[in-house]
Amino acid sequence: MFQFNSGDMIVSPPRSDSSSPAPASSPSGFSTPATSSSVLFDNAISNLSILQGLLSDDQYVLVTGGLGYIGSHTTLELLKANYNVIVIDNLSNAFESVVDRINLLAKQHHEKEGTPMPIFKYYCQDYQDTDALRSLLDEYKLPSRWGAPKSKIIGVIHFAAHKAVEESIRNPLKYYSNNVRGLIDFVGTLDEYGIKTFIFSSSATVYGTLATSGSPLREELCVHKTEVVEHPDGSRKTVQPGSTGITNPYGRTKWMCEAILSDLALSDPEWTIVALRYFNPIGCDSSGLLGEDPRGTPTNLLPVVVKVMTGQIPELRVFGTDWDTDDGTAVRDFIHVTDLAQGHIAALNAAVHGALRENFRTFNLGTGNGHSVMEVVETMEKATKKPIPRKAVDRRAGDVGYCVAAAGRSKDELQWTTHKTLTDACNDICTFLKVSGHLG
Ligand code: WQD
């Protein structure tokens, strides 16, 4: 376990046998410093905490997959927003070095702001390892003699899942096991510990072929119980639960998980659950220290463009130039990952402070604006001042020509909107490539 508490680093070996982390005195581990409370309870700080969600020393947010591309950016934004954070990650699609980078960036932020660095702990374990999870949750249990179990963990943000569409088609059981069965076991264990505030990493793929409509996708296009929804023109319509034309097992796992979580919330009002439907996350933190660095071969547009920019592949294949769009290439809602991460903070704040309309609520995380593949390539060329070799090829199986978010619900109910642009994302990627030595 790594723990950062005002800069200290606590290291203990990955939890393989669900043993507790090395005791304080052992050479491989250090004490978990007694959490002093005085600094955090200064009036000015506590007022700030109420505004920004700062928790007492005894309150934490648990993030699964917190070292991955979106997870690491969200962990950083949580720490910057004064949340104490516990990350579990099995490093199947992330690198341990990200822990130090998150800690460095968060410390720099708090030094600049003059605010205390929250507690940041990392456990190298799989969220599906229930014994290891129980051992971790036992560390954060609060005494509760007769009432419901209580925990120092006030909320969970769940990123840990497989997310490669093509791989899910080749190996569906791997996706249903990890993403769906894993979720069921995970929330079942959280329930036992009284941890019932849950932010779920979902995806715009739950809209399936509804994306081909060419109109911005509204959350009510995919619901999990019969709902009466009001349209922008004031008309009201009853919508039935279900999905429409999801084209791959990965998308189906996200839809199934949403449905399971919706049913759980319906069965127990103690649960507060938010499903965040990502559109196309791109870019990286402006420092260049948290770039998208997946293990394995990427298939998403920007990581592939990066491979072309760094000479790892000769040219970008543009999948389809005959779509019904201005330039013939497909249109997507590319959202800067830092905006996306801050959308999680907004959702967590609303969930923790009881500000949601229902105890299961879905929100799109997108800009509400579309850009074509060619616009992305041209924007990146402007950022690098170098041409990006590309070739038009046939459409990719399962693709749609247009997929853009309706962003009104997030704005109205989470008071969250995006601020960064496609240009910002391309410039930040270039910073990452320079910082990591991939670009001169
Ligand atoms: C974007 C556009 C491609 C690569 C996927 C998942 C979705 C979500 C985001 C998790 C498309 C084109 C791409 C390339 C190309 N992930 N493209 N050449 O397919 O919109 O969504 O990632 O939640 O669930 O489905 O993203 O980046 O793969 O593609 O022309 O080498 O770029 O055809 O039009 P997509 P993408």
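Student: Why is Tyr-140 called buried?

Tutor: This is a predicted model. In it, Tyr-140 has a relative accessible area of 2%, and the term buried requires a value under 20%; Tyr-140 is therefore buried.

Student: How do you know whether Tyr-60 is buried or exposed?

Tutor: The relative accessibility of Tyr-60 is 3%. Because buried means under 20%, Tyr-60 counts as buried.

Student: What makes the pair of Tyr-60 and Tyr-140 edge-to-face?

Tutor: A pair of aromatic rings is described by the distance of the centres and the angle of the planes. The ring centres of Tyr-60 and Tyr-140 are 5.1 Å apart, and the limit for a pair is 6.5 Å. Their planes stand at 65 degrees, and an angle over 60 counts as edge-to-face, so the pair receives that name.

Student: Where in the chain do Tyr-60 and Tyr-140 lie?

Tutor: Tyr-60 belongs to strand S3, whereas Tyr-140 is in the loop between helix H4 and strand S6. The two residues are 80 apart, and their pair links distant parts of the chain.

Student: What are the values for the pair of Tyr-127 and Phe-186?

Tutor: Their centres are 5.3 Å apart and their planes form an angle of 85 degrees, which makes this aromatic pair edge-to-face. Tyr-127 lies in the loop between strand S5 and H4, and Phe-186 lies in helix H6, so the pair ties together parts 59 residues apart in sequence. Both Tyr-127 and Phe-186 are buried. Ring pairs also join Tyr-127 and Phe-186 with Phe-198 and Trp-271 in a cluster.

Student: How do you know that the charged end of Arg-395 is at the ring of Trp-323?

Tutor: The charged end of Arg-395 is 3.6 Å from the centre of the Trp-323 ring and sits over that ring. The cut-off for this distance is 6 Å.

Student: Which residues touch the most other members of the largest nonpolar core?

Tutor: They are Leu-67 and Leu-78, in a core of 46 residues. Helix H9 gives the most to this core, namely eight residues. Beyond its neighbours within four places in sequence, Leu-67 is in contact with residues including Val-87, Leu-91, Phe-95 and Tyr-122. Another core, of 31 residues, lies apart from it; among its members are Tyr-127, Leu-133, Leu-136 and Trp-271.

Student: Why does Ile-345 count as buried?

Tutor: Ile-345 has 9% relative accessibility, and the limit is under 20%, so Ile-345 counts as buried. Ile-345 is found in helix H9. Not counting residues up to four places away in sequence, Ile-345 touches Thr-74, Glu-77, Leu-78, Ala-81 and Tyr-83.

Student: Why does Leu-414 count as buried?

Tutor: The relative accessibility of Leu-414 is 5%, and buried means under 20%, so the term applies to Leu-414. Leu-414 is in helix H11.

Student: How do you know that the span of helix H12 agrees with what it should be?

Tutor: At 1.5 Å a residue, the 14 residues of H12 should span 20 Å. The end C-alpha atoms of H12 are 20 Å apart, so the two values agree.

Student: What caps the N-terminal end of H12?

Tutor: Thr-421 does: one of its side-chain oxygens lies 3.3 Å from the backbone nitrogen of Thr-423, and a polar contact requires a distance within 3.5 Å. Gly-437, with a positive phi near 80 degrees, follows H12.

Terms used: Residues numbered from 1 in each chain as written. Predicted model: local features only at pLDDT ≥ 70, side-chain atom pairs only at ≥ 80, totals over all residues. Heavy atoms only, no water. Phe/Tyr/Trp six-rings, centres within 6.5 Å; stacked < 30°, edge-to-face > 60°. Helix = DSSP H or I, 4+ residues; strand = E, 2+ residues; numbered from the N terminus. Buried < 20%, exposed > 50% of the residue type's maximum accessible area, 1.4 Å probe, protein only. Lys NZ or Arg CZ within 6 Å of the ring centre and 35° of its normal. Core = buried A, V, L, I, M, F, W, Y, C linked by side-chain atoms within 4.5 Å. Contact = heavy atoms within 4.5 Å. Expected span 1.5 Å × (residues − 1). Polar contact = N/O pair within 3.5 Å; in protein donor to acceptor, adjacent residues only side chain to side chain.
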